[in-house]
Amino acid sequence: MEGPSGIGKTTAVSNAVAAAGLDQVKQLSARKKADVAEIQAMLANPVDLGTVVIDDFHRLSEKTKRDIADLMKTLADEAADHSKLVVLGITNAGQSLISFGRDLANRIEVIPFETNPEHKVEELIDKGEAALNIELNVRNDIISDSQGSFYIAQMLAYNTCLRAEIYEADEMRRLTEESYHAVKAQVMEQLARSFHDRAVAFARGTKLRREGRAPYLHLLHWLSQSKSWSINTLRETDRHPAQRGSVHQVVTKGFLADLIDSSDEIQQVLHFDPASHLLVVQDPQFIFYIRNLSWHQFAEEVGFISIEFPSRYDFALSFAGEDRDVAEALFAALSEHELEVFYDINEQHRILAADVEEYLAPIYQSEAQMVICVLGPAYPRKVWTKFESVQFKERFRSGEVIPILLSTVQVGAFDEVGRVGHLRWDRGADQKDQLDAVVGVLLEKCAQRRSGGRDEARWVVPLPE
C-alpha cells in the first residue's frame, strides 16, 4: 500500500484487519528502533510468520528492503498460506520494492492511495455539498486542481466554505460566490507558513551556487509538474538536457540524499530513494504548494541569477590530448559549481556512430555560451583542435572565447589570443591554487553573462601570471 504520509494507509489496514476478523496480526514500524530489530530478526528466521504489517517501508535500510523483497518473492513462489507480508510506504514504494527484485512485479499487488479518478473526487464534493446543503460555484476548479487527491479537494472546499462564512448546514440551499483565485491565494498563504522555508532550503541545496544551473530548484520544479507526486531524477534529465550534468552530479554523488537526510524539516515533505533514483513528495499539502508557486519569483528569492539558459552548455572545452589533465581539472571544478560543461570524454556514448563533425560543430559555434581553449604546444598540430578552433574563431570578437595559455608556449604562437585578454597556467606552479584562481574568474564571467552583462571584444582578467 503506497501513498503520502498521513493519508490514512495505517488506518485503512487497521480497519481491514478488524473487518476480516483477524486476531494474529503483527504491526511493525520502521520509525521504531525496537520494531526495526524485530523486522530484521523476522527476516533472518521467516518461519510461520502469520500476517505481518510493516509500516514506513521507505525508511528502512537498503539491505532490509532487499531482504523483504526476497522474502516476498519466496512466499509467493511457495504459495505460502501461513505467512503474509503487507508493506506500507509513501508514493511509489511499490516501484521501490520492485527495484530490488524485478520479478516481484507479477507476484505482489500494489494498492495506491490518493490517485483517484475525477468522478471519485466529484463524488466527494457532492457528499460535502449535500451535508451542508450548499453548492460550490468553484467545484469544477477544485476537482481539476486536486488532481485525484481527496485531501487537496477537501482543503480547497473547506477554505471556500470559510470565505463564504459557511460553518454548518443551512435550511435553505445556498450557492457560494467565491473567487477561486482568492481561495487559492488564501490556501497558499496558509501553506507558506509551513512550507516556504523548506522549499527555499531544498532549492538552495547544500550551498547556493548563484551562477550555477540550480539543480535542486529544477528537481523541485519537475516534481511540481508530476501527476504521480514523484519523479525519477535521472530520467528527467533526458527531458531536460540543459540540466543533465548538474542534476546527474548531485544525484549520483550522493549530494541530494545528503541534503534530505541532513534536514528533519525537508524529510517531512520529501523522500529520496537512491536505489530507484525516485524523489517523492510525502505531504499532499506540499505538492499543492509547489504546484502553485510563481517559479520565476521563487527562483529570484532563492538567490539564483537566472533560471533561463539560452545555451545548452555554459562552457565547452577545447584542448589537445597532451593537456587533458588541465581540461579534466577544469571540468571537475566547474561541475562542482553546478555548471554545464562540454567535455568530450563524457559525450562519447552520444558521439558514437554519429557524424563527429556534425555533432561537434554546433556546440563550438553556438550551443556553448562560452568556449575555453587550453592552449599548449600540441594544440595547433591536432586535427580536432584545428576543426574546433575554426568553429569558434568568430566568437573571439564577442568575448565568448576564453583562452588559457600554458606556460610551455608563447603568446605569439596564437595570433588571435594576443589580441584578447587571456588566462595563464604555469605547469611548474601549484596546480590547485591556479585551478581555484582560474575557476573563480570563469564563475565571475559566467555570472556576468547570465545576468545580461555584455562584454566588449577585449577584456582583461585581473589574474597574475
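How many helices and strands are there in the protein? The model shown here is a predicted one, and in it the protein has 20 helices and 13 strands. Taken along the principal axes, the box that the C-alpha atoms fill is roughly 90 × 60 × 40 Å, and of the 465 residues in the protein, 50% are buried.

Strands of a sheet pair through backbone hydrogen bonds, and the pairing may be parallel or antiparallel. Here five strands form an open sheet with parallel pairing, and their order is β10-β9-β11-β12-β13. At its edges stand β10, residues 341–342, and β13, residues 423–425, each of which pairs on one side only. Further in, strand β9, which covers residues 313–319, and strand β11, which covers residues 368–375, are joined in the parallel sense over six bridges.

From the strands we may turn to the aromatic side chains. A pair of aromatic rings is described by the distance of the centres and the angle of the planes. The protein has 11 aromatic pairs, and one of them is formed by phenylalanine 195 and tyrosine 289, whose ring centres are 6.2 Å apart and whose planes meet at 45 degrees, so the pair is tilted. Because phenylalanine 195 belongs to helix α8 (residues 180–204) and tyrosine 289 to helix α14 (residues 284–291), this pair ties together parts that are 94 residues apart in sequence. Both phenylalanine 195 and tyrosine 289 are buried. Elsewhere, one aromatic cluster is formed by Tyr313, Phe342, Tyr364, Phe392 and Phe396. A ring may also have a charge over it, as phenylalanine 57 shows: lysine 65 lies over the face of this ring, at 5.8 Å from the ring centre.

Two residues of the backbone deserve a separate look. Glutamine 147, although it is not a glycine, has a positive phi of about 45 degrees, and its place is in the loop between α6 (139–146) and α7 (150–163). Tryptophan 229 is likewise a residue other than glycine with a positive phi, in this case near 70 degrees, and it is found in the loop between α9 (215–224) and β6 (230–232). Which of the terms buried, partly exposed or exposed applies to glutamine 147? Its relative accessible area is 35%, so glutamine 147 counts as partly exposed. For tryptophan 229 the relative accessibility is 2%, and therefore this residue counts as buried.

The empty spaces complete the picture. Rolling a probe the size of a water molecule over the atoms shows where empty space is left. The largest pocket has a volume of about 730 Å³, and of the 27 residues that line it, Met72, Lys84, Leu85, Val86 and Glu109 are the closest to its centre. At least two lining residues are supplied by each of α1 (9–20), β2 (50–55), α3 (62–77), β3 (83–87) and α4, while the largest share, five residues, comes from β3. By class, this lining has 20 nonpolar, three polar and four charged residues.

The second largest pocket holds about 570 Å³ of space, and it is lined by 24 residues, of which Arg244, Gly245, His248, Phe331 and Asn346 lie nearest its centre. The elements that give two or more residues to this lining are α10 (233–239), α11 (244–252), α16 (324–336) and α17 (348–351). In the lining of the second largest pocket, seven residues are nonpolar, eight are polar and nine are charged.

Two or more lining residues come from each of α4 (93–99), β7 (270–273) and β8 (278–281). The lining of the largest cavity divides by class into five nonpolar, six polar and two charged residues.

Note on methods:
Residues are numbered from 1 along each chain as its sequence is written. This is a predicted model: local features need pLDDT of at least 70, side-chain atom pairs count only at pLDDT 80 or more; totals for chains, interfaces and linings use all residues. Side-chain values use heavy atoms; hydrogens and water are left out. Helices (H or I, at least four residues) and strands (E, at least two) are DSSP runs, numbered from the N terminus. Ala, Val, Leu, Ile, Met, Phe, Trp, Tyr, Cys and Pro count as nonpolar, Asp, Glu, Lys and Arg as charged, and the others, Gly among them, as polar. Rings of Phe, Tyr and Trp (its six-membered ring) pair if their centres lie within 6.5 Å; planes under 30 degrees apart count as stacked, over 60 as edge-to-face and the rest as tilted. Buried means under 20% relative accessible area, exposed over 50%, partly exposed in between (1.4 Å probe, protein chains only). A charge sits over a ring if NZ of Lys or CZ of Arg is within 6 Å of the ring centre and within 35 degrees of the ring normal. Two strands pair if DSSP finds at least two bridges between them. On a 1 Å grid over the protein atoms alone, a cavity is a set of points where a 1.4 Å probe fits but cannot get out, and a pocket is an open set with protein on both sides within 12 Å along at least five of seven lines; lining residues have an atom within 4 Å of a point. Grid points are joined across faces, edges and corners, and a volume is the space filled by probe spheres set on the points.
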